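Subject: Structure for you to look at

Hi,

Here is the structure I promised to pass on. Have a look at it first, and then read on for what turned up.

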Amino acid sequence: MALVGGTAKIRHAETGQIFEILSSELEFETTSADERQMGFERGYEARVDHPYLGELIWMVWEYPSGVENYRESSVEPHTLLEDFTFDFSEGEFENQIAERRRARIQQMVEWFFERFEDPAHETPYNGREGGYLYIHGGPYSAADELWSNFANEDDELIDAAVAEIESDGTVDWAPVRGSDYDVDEPEPWADSQNDPQFPNEIDEIIAGLAPQNSYPAFELDESGIVRMVQAPDKLPPEGNQEILSELLANARSLRQALLGTNAHVALLSVVERYFSVLEQETFSVSQLYSRGVSLEIGAEVAAQAIQGQELPSLTIEADTYLNAVLSLHGSYIMSDPVGANLVRASAEYQRSEGGRETASTAIRDIQQAVEDLPELFEESVRSEISLAVKSIGLGAHPERSNQIAVRTVGNLVAGILSGLKRHAGTALLSGILIESATGSSLIVGGAAHFDAVVAFLSANASSFRAFFGAFGADTGWVSPLTRLFDRIGAISLPQN
């Protein structure tokens, strides 16, 4: 029996026209699997990019196995008149998703073996010279090639494809003669600098980058310094005011309870940051969301330290208020349109262990580069990047801390590029990036700081590329950033 059946009917918000979405247009992916008393609760999601209705999202949860527990459809601002039918019987939901995933893994495996082979086939071998002589290029890594060529694919599927490719123990590969990876063919970066369209391509990528629309927001100011600015979504709150009032009262009481002891200074610091946002008459919901994730992580760290007898237990009063704040925070965020969208979008930031390690390593390198340039990055910027590094992959909802880390680094890059465009213009900026990447010194508008900021982007292109590439498969707005650093990194390759 089919995973999803029937036809969804949606009325357009402006024209009133009714559109039909066929069940065959939906491709569900597993977004969560949380173990509960009666087994796993699994969440599934499918997205359709409709030419007239925009992005449509269907989410459904299965718990216990074989039973639909809850569903949610996002077709705003349009109206859903008729929905699909779902059938979880006999594991059909899992079976269809598994079949699609296997097909995508097989596609990557076949792609790889069309281009690479075991060096034992045609590569000369000389034991005295240390083994195989890769005269036709190589050795190549399956992981490197799949990550580079399938940047928009789920990293768990890439890991599975790599495991299948290396199942016989071969980890170093030679190019298939006549393939694109044969050294007789030009290297992929060889003509980039001489290609007259190359600057235009960078211009188009930069012009198409999404603006900063959430916390944290950054700016490259007139003096060439990167600083934080007010979040674009700092507005009067639209969520449930009764919940907000109760949340504020409990957060204030929690802060007061923790002020009475010096045993939990780390947790108090997190609560202080959370409360400082909440007590404002107008605040950024995305900032409150971010601080709430930090509070969840801080509470979890404190609980682990208490369990390990590294810290004394919280007072009954503090523990009561902490649990109340965490519960009310979740309720308020879901009552606010911006907050609810952030929660839904966080499902895209699920990572496998390998993906988390890749992202963590890259963002640590970016943080270190920022820390090494205090003359360019204000303390508040360095602190925000540090917080993103410490939080990635942690907490009860690691996908949310990953989401915040990506937005932090993405907004940092967007803020820098926006400032450079103001001072240099988009057309000139591509030339500046090329000059910087190839080692030339170019002062923007006579200010050495601008030159140093451009050099920072170019020198750390590989870290930015790895970080954004780890999430690009799930988040469309990250893809232009990945492509930008792909192009900047391509210019740098001959220098390495």
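One cut-off before we start: a residue counts as exposed when its relative accessible area is over 50%. Keep in mind, too, that this is a predicted model.

With that cut-off, Glutamine 309 is exposed, because its relative accessible area is 73%. You'll find Glutamine 309 in the loop between α7 and α8. Its backbone is worth a look as well: phi is positive, about 60 degrees, although the residue is not a glycine. Most residues other than glycine have a negative phi.

Serine 313 lies in that loop too, between α7 and α8 (316–335). Serine 313 has a relative accessible area of 57%, so it also counts as exposed. Leaving out residues up to four places away in sequence, Serine 313 touches His264 and Ile306. There is also a sequence-versus-space pair here: serine 313 and alanine 263 are 50 residues apart in sequence, while their C-alpha atoms are 9.1 Å apart.

Now for the helix pairs. How do α7 and α9 cross? The axes of α7 (residues 285–307) and α9 (residues 337–345) come within 9 Å and cross at roughly 50 degrees. That angle is why α7 is described as oblique to α9. The crossing of α7 and α9 is right-handed. On the α7 side the contact uses Val285, Ser286 and Tyr289, which meet Val338, Gly339, Leu342 and Val343 in α9. By class, the residues of this contact are five nonpolar, two polar and no charged.

The other pair is α2 (residues 142–149) with α3 (residues 155–165), whose axes come within 9 Å and cross at roughly 145 degrees. Here too, α2 passes α3 in a right-handed crossing. From α2 the contact takes Ala142, Ala143, Leu146 and Trp147, and from α3 it takes Asp155, Ile158, Asp159, Ala161, Val162 and Ile165. The contact of α2 with α3 comprises eight nonpolar, no polar and two charged residues.

Last, the prolines. Most peptide bonds are trans. The bond from glutamate 76 to proline 77, however, is cis, with omega near 5 degrees, and proline 77 is found in the loop between β7 (68–74) and β8 (79–82). The bond from tyrosine 215 to proline 216 is cis as well, with omega near -5 degrees. Proline 216 is in the loop between α4 (198–207) and β14.

Cheers

Conventions:
Residues are numbered from 1 along each chain as its sequence is written. This is a predicted model: local features need pLDDT of at least 70, side-chain atom pairs count only at pLDDT 80 or more; totals for chains, interfaces and linings use all residues. Side-chain values use heavy atoms; hydrogens and water are left out. Axes are lines fitted to C-alpha atoms, for helices over the stretch in contact, and angles run from 0 to 180 degrees between N-to-C directions. Helices (H or I, at least four residues) and strands (E, at least two) are DSSP runs, numbered from the N terminus. Angles under 35 degrees count as roughly parallel, over 145 as roughly antiparallel, 65 to 115 as roughly perpendicular and the rest as oblique. A crossing is left-handed if the near helix is turned anticlockwise from the far one by less than a right angle, and right-handed if clockwise. Contact means heavy atoms within 4.5 Å. Ala, Val, Leu, Ile, Met, Phe, Trp, Tyr, Cys and Pro count as nonpolar, Asp, Glu, Lys and Arg as charged, and the others, Gly among them, as polar. Buried means under 20% relative accessible area, exposed over 50%, partly exposed in between (1.4 Å probe, protein chains only).
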